[in-house]
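Please look over the chain shown here before reading on, since the paragraphs that follow lead through its strands, its helices and a few details of its backbone and side chains.

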Amino acid sequence: MFAAARLAPRLNSHSAHPSVPATKNVVPRFIEILDDPWYRCLVRLQSLVTAETASFWQHNGVHALHLPITTSSVSSPMGLGSDSLPVRVDLFGVPTFLADSMQFMLEYGCRLTERGCYYLMPSFRGELADETHLNQFFHSEAEIPGGLDDTVRVADEYLRHLTASVLASLADEVSAVAGGVTHLEHLLATPTARLTFAEAADLLSGEPDAVVSTQHYRTLTRAGERHLIERLGPAVWVTHYDPLAVPFYQRCDPATGQACNADLLLGPGEVIGAGERHTSAADVRAALRRHAVAADDYTWYVEMKAHRPLRTSGFGMGVERYLMWVLKCPDIRRLQLVERYNGQHRVP
């Protein structure tokens, strides 16, 4: 999610909804929304996520960062382990990227705070939108001192805090549009399952659509994620993927050679992605070479590790993915108050 969420490969991906020709008989989407109780509930949920995210991190002594939406160092650059396309723009003659994640800035911020930092802000992706992917979405990300287990624990607490807050404040509204809230209650009453990728692959060995293998790594498909949710859910942590299945910044466990990462599966699939970072500059350089990523844009990142080595880990949650589960919504594209699709002009 991690740190930027690791997206499972999309088989038979669909493009965004095509534009509808304007006619006098068609009511614009933004007008329809004004009278739709579903979107009134969505607005309340968005407001709750913002307020309760701030409350959760304030209680934990973790500071908010105000960050730009532009970067020269994308967190999923083209190379092995990359699973998203960066969005490049020309900003006054300077090639720039819209942020796919500002995880690197959170790592930087961890060196300015004692207990870590977080943000809630937009992220941009270049691939096509489909039922579980948006081109522009809200990212709730945090970075804390410590290792993978520390981040898995706090991410799980955060998910449960948000869910308990929905039940406490918006149970009636959500129930009215989603057909009930028993799925929220079930999550809070059930410990989150946890298994390694190797254990997951073994468990899913009888499901031909669950795991995809490439020359360099294996990973779960969306179908594989849902099989695990059905068997072990409602929420499942899958940890320690093949090292080249995740971006270069994820540390590898020297004992097993597997990545120190974790995905939280819930509802539509992966909702949170987490990982532990390399501590030393030497490890980052080796990872850049291993993932075939050009090092020029990450010189500053390597220097930061050289001058201020620090063990940190973090996670990222796709807010709309989480709300898909809350609202039992099968298509994430409905979670947009204002639609945005790459290559299309949309109003308002």
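This is a predicted model: local features need pLDDT of at least 70, side-chain atom pairs count only at pLDDT 80 or more; totals for chains, interfaces and linings use all residues.

Strand 2 and strand 4 run antiparallel and are joined by 2 bridges, and they are part of an open sheet of 3 strands with the order 2-4-3, in which the pairing is antiparallel. The edges of this sheet are taken by strand 2, residues 70-71, and by strand 3, each of which pairs on one side only. Between strand 3 (87-91) and strand 4 (94-98) there is a loop, and phenylalanine 92 is found in that loop. Its phi is near 55°, a positive value in a residue other than glycine, and this is worth a second look because most residues other than glycine have a negative phi.

The other sheet to consider is also open, and it is formed by 8 strands in the order 1-5-6-13-12-11-10-7, with mixed pairing. Strand 1 (63-64) and strand 7 (193-196) stand at its edges with a single partner strand each, so that one side of each has no neighbour in the sheet. Within the order given, strand 6 (residues 136-145) and strand 13 (residues 312-318) run antiparallel and are joined by 7 bridges; as an example of the residue pairing, serine 140 has methionine 317 in strand 13 as its bridge partner.

Helix 2 lies across strand 5 (117-124), strand 6 and strand 13, and it runs at about 150° to strand 5. Helix 4, which spans residues 148-178, lies across strand 6, strand 7, strand 10 (235-239), strand 11 (261-266), strand 12 (269-276) and strand 13, and its direction is at about 30° to strand 13.

The axis of helix 2 (residues 37-59) comes within 11 Å of the axis of helix 10 (residues 319-327), and the two cross at roughly 125°. Helix 2 and helix 10 are therefore oblique to each other, and their crossing is right-handed. On the side of helix 2 the residues that meet helix 10 are Trp38, Cys41, Leu42, Leu45, Gln46 and Val49, while helix 10 contributes Val319, Leu323, Val326 and Leu327. By class, the residues of this contact between helix 2 and helix 10 are 9 nonpolar and 1 polar, with no charged residue.

For helix 4 the partner is helix 5 (residues 182-189): the axes come within 10 Å and cross at roughly 140°. Helix 4 and helix 5 are therefore oblique to each other, and helix 4 passes helix 5 in a left-handed crossing. The contact is made by Leu159, Arg160, Thr163, Ala164, Val166 and Leu167 of helix 4 together with Leu184, Glu185, Leu187 and Leu188 of helix 5. The residues in the contact of helix 4 with helix 5 divide into 7 nonpolar, 1 polar and 2 charged.

Which residues does glutamate 52 touch, once residues up to four places away in sequence are not counted? This glutamate has its place in helix 2, and the residues it touches are His161, Leu162 and Ser165. The C-alpha atoms of glutamate 52 and alanine 168 are separated by 12 Å, although the two residues are 116 residues apart along the chain.

Side chains of opposite charge can pair when their charged atoms come close. With a cut-off of 4 Å between a side-chain nitrogen of Lys or Arg and a carboxyl oxygen of Asp or Glu, the count comes to 14 salt bridges. One of them joins the side chains of lysine 305 and glutamate 107, at 2.6 Å from N to O. This pair links distant parts of the chain, with lysine 305 in helix 9 (residues 299-307) and glutamate 107 in helix 3 (residues 103-110), 198 residues apart.

The peptide bond from glycine 233 to proline 234 is cis, with omega near 20°, and proline 234 is found in the loop between helix 7 (222-232) and strand 10. The peptide bond from valine 347 to proline 348 is also cis, with omega near 0°, and proline 348 is found in the segment after helix 10.

Conventions
Residues are numbered from 1 along each chain as its sequence is written. Side-chain values use heavy atoms; hydrogens and water are left out. Axes are lines fitted to C-alpha atoms, for helices over the stretch in contact, and angles run from 0 to 180 degrees between N-to-C directions. Helices (H or I, at least four residues) and strands (E, at least two) are DSSP runs, numbered from the N terminus. Angles under 35 degrees count as roughly parallel, over 145 as roughly antiparallel, 65 to 115 as roughly perpendicular and the rest as oblique. A crossing is left-handed if the near helix is turned anticlockwise from the far one by less than a right angle, and right-handed if clockwise. Contact means heavy atoms within 4.5 Å. Ala, Val, Leu, Ile, Met, Phe, Trp, Tyr, Cys and Pro count as nonpolar, Asp, Glu, Lys and Arg as charged, and the others, Gly among them, as polar. Two strands pair if DSSP finds at least two bridges between them.
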